[in-house]
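This note is written for a reader who is new to examining protein models. Please keep the sequence and the structure in view while working through the points below.

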Amino acid sequence: MSKTKIAVVYHKDAYLTQNEIFMPICVGNFLLPDANVFCDSIGDNISSKNATYNEMTAVYWLWKNYDKIGNPDYIGLNHYRRYFIFKGSKYAYFEDETLDDMIFNKLSYKDGIIEDIFARYDFVVPMPNKRKSVYYNYKISHCIEDLDLAIDIIKKDYKQFVPAMEKYINGNSAYYYNMFILKKDDFFDYCSWIFDIMQQFEEKTKYPNERYFISECLTGIYFTYMKLNGKNAAQLPVLFIKDKKLGFKQARQMCKQNLKNKKMSKLYAYKPLITYFTPNHLLLKRKRKSTLKKKDIFVEK
């Protein structure tokens, strides 16, 4: 059995990325057709909460059913259209249009590379994206009451995390996607921490039926906590596989739906139409620079 498993989360039909390391897992009510893969609805699970918890229902399932995946030394999370790229780059983010049998070449993945990384580093995270501040970006993108509630929970129950929380939310380096590769013990500690906070959040939020984007920010706080406690992060760029471009009617309808959400900023509400009117050649090969200054992705600031 491989020492490493990277779960690839699916909530819709897409190219199946699978080998001894990469392990597809379906979430919510979705099942990949004609595929023998894990689902987050068996055993101890919170699959019914997928509409709000998003990919975190897969994380919960991995935590509570660890023996079912072979009890690996290292466990990771990717998405059906977001993957770590295992090579150096000054960019944090790349886009492509399709996945195919060349996926592992696109990711620069080869046997033994994860073990090589963990011989030098303690955990793997996405290269951070630069923002004015994490707190400000959350405020213009989502409901700031959610982040304020999570902050209150941390201050009350996890005082040892307060320095990491303050450093992360006030800093300009944002970790997105809830992607990681962690050692088993760190993964279990992360899950115990984040799911306790999310359960409290679910009980106290004014908006219990809306998606909990807060998990992404909590994950960034946890990464920062690990770094403040002397653990070294290998920071990898991310490949994003774009969905087919929306038609004008679809984009307009999505904007109308977004505008009903009074907590969403106008920029994000109109994003489907902005994307529609952006030429394809500007969308397809888009890259985002990282906050890192050094060329070697395996070297911290």
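1. Salt bridges overall. The model discussed here is a predicted one. It holds 6 salt bridges. Three of them are taken up in the next points, with attention to where their partners lie and how exposed those partners are.

2. Glu145 and Lys206. The side chains of Glu145 and Lys206 meet in a salt bridge, at 3.5 Å from N to O. This pair links distant parts of the chain, 61 residues apart: Glu145 belongs to helix H6, while Lys206 lies in the loop between helix H8 (184–204) and H9. Glu145 has a relative accessible area of 37% and is therefore partly exposed. Lys206, with a relative accessible area of 64%, is exposed.

3. Asp186 and Lys231. A salt bridge also joins Asp186 to Lys231, and the closest N and O atoms are 2.5 Å apart. Here too distant parts of the chain are linked, since Asp186 is in helix H8 and Lys231 is in the loop between H9 and strand E11 (233–236), 45 residues apart. Is Asp186 buried or exposed? Its relative accessibility is 10%, so Asp186 counts as buried. Lys231 is partly exposed, at 31% relative accessibility.

4. Lys156 and Asp157. Lys156 forms a salt bridge with Asp157, and 3.2 Å separates the closest N and O atoms. Lys156 is exposed, with a relative accessible area of 55%. Asp157 has a relative accessible area of 34%, which means that it is partly exposed.

5. The chain as a whole. The secondary structure comes to 13 helices and 13 strands. Of the 301 residues in the protein chain, 51% are buried. Among contacts with a separation of 6 or more, 71% are accounted for by residues 24 or more positions apart.

6. Which residues of helix H7 (residues 162–170) are buried? They are Val162, Ala164, Met165, Tyr168 and Ile169. These residues lie on the same side of H7, because they cover an arc of only 160° around the axis. On the other side of H7, Lys167 and Asn170 are exposed. The cover over the buried residues of H7 includes helix H5 (134–141), helix H6 (144–157), strand E9 (173–174) and helix H9 (214–228).

7. H6 against H7. Two packed helices are described by the angle between their axes and the distance between the axes. For H6 and H7, the axes come within 10 Å and cross at roughly 155°. An angle over 145 degrees counts as roughly antiparallel, and H6 and H7 are therefore roughly antiparallel to each other. The crossing of H6 past H7 is left-handed. On the H6 side, the contact is made by Leu147, Ile151, Ile154 and Lys155, and on the H7 side by Val162, Met165 and Ile169. Val162, Met165 and Ile169 are also among the buried residues of H7.

8. H5 against H6. The axes of H5 and H6 are 7 Å apart, and the two helices pack at an angle of about 135°. That angle makes H5 oblique to H6. H5 contributes Tyr135, Tyr138 and Lys139 to the contact, and H6 contributes Ile144, Asp146, Leu147, Asp148 and Ile151. Leu147 and Ile151 of H6 also take part in the contact with H7.

9. The buried side of H5. Val134, Asn137, Tyr138 and Ser141 are the buried residues given for H5. They cover an arc of only 100° around the axis, which puts them on the same side of H5. Tyr138, one of these buried residues, also belongs to the contact between H5 and H6.

10. Thr52. Thr52 is located in helix H1 (residues 50–53). Its relative accessibility is 10%, so Thr52 counts as buried. Leaving aside residues up to four places away in sequence, Thr52 touches Pro208, Asn209, Glu210, Arg211 and Tyr212.

11. Leu259. Leu259 is found in helix H10 (residues 248–259). With a relative accessible area of 30%, Leu259 is partly exposed. Leu259 and Tyr270 are 11 residues apart along the chain, and their C-alpha atoms are separated by 8.1 Å.

How values were computed:
Residues are numbered from 1 along each chain as its sequence is written. This is a predicted model: local features need pLDDT of at least 70, side-chain atom pairs count only at pLDDT 80 or more; totals for chains, interfaces and linings use all residues. Side-chain values use heavy atoms; hydrogens and water are left out. Buried means under 20% relative accessible area, exposed over 50%, partly exposed in between (1.4 Å probe, protein chains only). Helices (H or I, at least four residues) and strands (E, at least two) are DSSP runs, numbered from the N terminus. The arc is that of the directions from the helix axis to the C-beta atoms. Contact means heavy atoms within 4.5 Å. A salt bridge is a side-chain nitrogen of Lys or Arg within 4 Å of a carboxyl oxygen of Asp or Glu. Axes are lines fitted to C-alpha atoms, for helices over the stretch in contact, and angles run from 0 to 180 degrees between N-to-C directions. Angles under 35 degrees count as roughly parallel, over 145 as roughly antiparallel, 65 to 115 as roughly perpendicular and the rest as oblique. A crossing is left-handed if the near helix is turned anticlockwise from the far one by less than a right angle, and right-handed if clockwise.
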